[in-house]
Amino acid sequence: MTPPAALNTPRPPRVLIVDDEAANLTALRSTLSQHGYETEGFVDPAEALASIKRGAFDLLLADLMMPGMSGVDLMRAAQERDPDLVGVIMTGEGTIATAVEAMRTGALDYILKPLKLSVVLPVLSRALTVRSLRIENAELTRSVRERTAELEVARAEAKFRLAMDAARMGEIAVDLRSEQVVHTPAFAKLLGYPADRRLSLAEIRECWHPEDRALIIQERDAAIASGAVSFETEYRIVWPDGTTKWLTGRGQIIRDASGRAIEANVIYMDITERKWVEEKQNLLLAELNHRVKNTLAAVQSIALLSRLDAPTPELFGQRFEARLAALAGAHDLLTRASWEGASLADAVSRTLAPYVQAGDGAKRITIEGPMVQLSPNAAVTLHMAFHELATNAAKYGALSASEGKLDVRWSIDRTSTPAMVEFVWTERGGPTVAPPRRRGFGLKLIEQGLERELDGAATVRFDPEGVVCLLRLPASAKVAPL
Amino acid sequence: MTGVATSLSGLRVFAVEDETLIAMMLEIMLEELGCKVMGVAGTLPRALAQIETMDIDAAILDVNIGGEKVYPVADALAVRGVPFLFCTGYAATGIAEPYRARIVLDKPYSKTALANALAPLAGKHPER
């Protein structure tokens, strides 16, 4: 009977025979050699044990009863040294019970003495087959375990990719010596290419924004030269369709033992939107700064002009405060409309609100006209002008007498080009009007504001029966009739 | 200050400023400094038309005029060799590159600051 070839081992099976009876040992070795086994024999179990190391033998054939160490003990010790080793115990008839016990503790089989070849060979052959199966099984188990681990890694990798995709992150690895590039599909998408497109380093460099190119190269070279192992970068790229995008990257530089940079791994993310918000915010801040400073300049102007105008410090204080309040009112109007502007009706109504609300004001004051949208600056100027007219009316004009009437109306003359907003402020029923001795702040503001700022014309008439103010405002971006 | 005021005396100044309140103040400050206010324009077309017909020694340009930049006026003045300065509520960095070397007056400005900004222009005009 031919012994089975162990799996993956096309060599003859190797058997370690241990028997304290030298004659038996010699005979057995000789017989097994003739049947294709390679044998090694010891009469001393301790010496036999010393010869065992992993993979040295396939099978241990040991006599049960030996001085110094029983076959069972030897087998147990041997299997500690080589777990793949299979054991077969040889025993006399009187010790079958012990042999059975031996099998419980790890021996695969037992053979009764005196040995018969017809019994020995099948037992050895079967033991070797079992050994092969055990090894095969162990290998399969290991391979299944490895494959499972691989699958888990792949799954974790897939999850990671999904997260990267969701965060619109692309990954790239560059071999800095060969300039070979490996990147994820998401990276191609970040650069405006289809996900399945594989880009070369040259193609990637083509995407750099021309204005950022020098900086990118400078930063890259600096990171490599500095010995850094990580870096961050932020720059613009241009998509094949011409769109400009902002990318931010966090990278690792892999270096060899001598510190030479050999590979760079970078994760990129599209931050175009964030950049846009930042830019918008900066613009808003600049705009806010501009408005605050212009407003301060306007306050400064009101202070200067009120001072030049006022005959006494008390009057200066009163007028300055009232004008400041009017300026604040104009800003309130604008803030309500997010500084997009205000309507002419709002500017008039807000100025006259205190008088409309007082007593029978609602009956004495008429405000009427179509929708005219004013730019922020025009709204401030007109609001301030109306404030001057209203203050004058309240002090000396129609609003100073209980029977006085104020009529404010405007219309749009569309026959002229550009269309003209014609605004008339008419006071009646107040004390007899005398023209002012000098042209004060209010008048100058109305005339100059209309002429210089709004390209219009203003006429203020001090008719004895009441003040009339005529404003002609050409339609423009600043004064827009709807 | 007397020195500056003297050097500005009679200086023919043109201004572009679209905010009436500020324009009125500027006019008074210039008069107090002894300058002759040749005109104050609140729009770009008016400004461009006025400088065509005026003899001016210096100009003060508000950078932002009704949402537009005053640069066309600056260019027209440069062609005519009229020195000018900018005033702005934006930071000086808000001025376009070709004009960065010009004097910039930050708003709000005092009469002294205005005089100091104008002084270098007063000496520059070829006719003065």
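**Interface and sheets**

Mentor: Across the interface of chain A and chain B, 11 residue pairs are in polar contact, both residues of each pair being at pLDDT 80 or more. Please bear in mind that this is a predicted model.

Trainee: Which helices of chain A supply at least two residues each to the side that touches chain B?

Mentor: They are helix H9 (272-309), helix H13 (376-395) and helix H14 (441-453) of chain A. H9(A) gives the most to that side, with 15 residues.

Trainee: How many residues are in contact on each side?

Mentor: In chain A, 28 residues are in contact with 25 residues of chain B.

Trainee: What area is buried between the two chains?

Mentor: About 2500 Å² is buried between chain A and chain B, and carbon and sulfur atoms give 57% of that area. On the side of chain A, the residues that lose the most area to chain B are A:His290, A:Gln300 and A:Arg452, together 24% of what that side buries.

Trainee: Let us change topic. What is the strand order in the open sheet of chain B?

Mentor: The five strands of this open sheet in chain B follow the order S2-S1-S3-S6-S7, with parallel pairing. Its edge strands, each pairing on one side only, are strand S2 (36-41) and strand S7 (104-106) of chain B. Neighbouring strands of this sheet are turned by 20° against each other on average, with direction ignored.

Trainee: Which helix packs on that sheet?

Mentor: Helix H4 (residues 71-79) of chain B packs on the sheet and touches strand S1 (12-16), S3 and S6 of chain B. The direction of H4 makes about 165° with that of S6(B).

Trainee: How many bridges join S3 to S6 in chain B?

Mentor: Four bridges join strand S3 (residues 58-62) to strand S6 (residues 84-88) of chain B, and the two strands run parallel. Within this pair, B:Ile60 stands opposite B:Leu85 in S6(B).

Trainee: Now for chain A: is the pairing in its open sheet of five strands parallel, antiparallel or mixed?

Mentor: The pairing is mixed, and the order is S12-S14-S15-S17-S16 in chain A. Strand S12 (365-368) and strand S16 (457-463) of chain A are the edge strands, each pairing on one side only. The twist averages 10° from one strand to the next.

Trainee: How do S16(A) and S17 pair?

Mentor: S16(A) and strand S17 (residues 466-474) of chain A pair in the antiparallel sense over seven bridges. A:Arg461 has A:Val468 as its bridge partner in S17(A).

Trainee: One last item: where does the hairpin of S8(A) and S9(A) have a positive phi?

Mentor: The positive phi, about 95°, belongs to A:Gly242 in the turn, and five residues lie between the two strands. Strand S8 (residues 230-238) and strand S9 (residues 244-255) of chain A run antiparallel and are joined by nine bridges. A:Val238 stands opposite A:Thr244 in S9(A).

Definitions and conventions:
Residues numbered from 1 in each chain as written. Chains lettered and ligands numbered in written order. Predicted model: local features only at pLDDT ≥ 70, side-chain atom pairs only at ≥ 80, totals over all residues. Heavy atoms only, no water. Pairing = 2+ DSSP bridges. Axes fitted to C-alpha atoms, helices over the stretch in contact; angles between N-to-C directions. Contact = heavy atoms within 4.5 Å. Buried area = accessible area lost by both parts, 1.4 Å probe. Polar contact = N/O pair within 3.5 Å; in protein donor to acceptor, adjacent residues only side chain to side chain.
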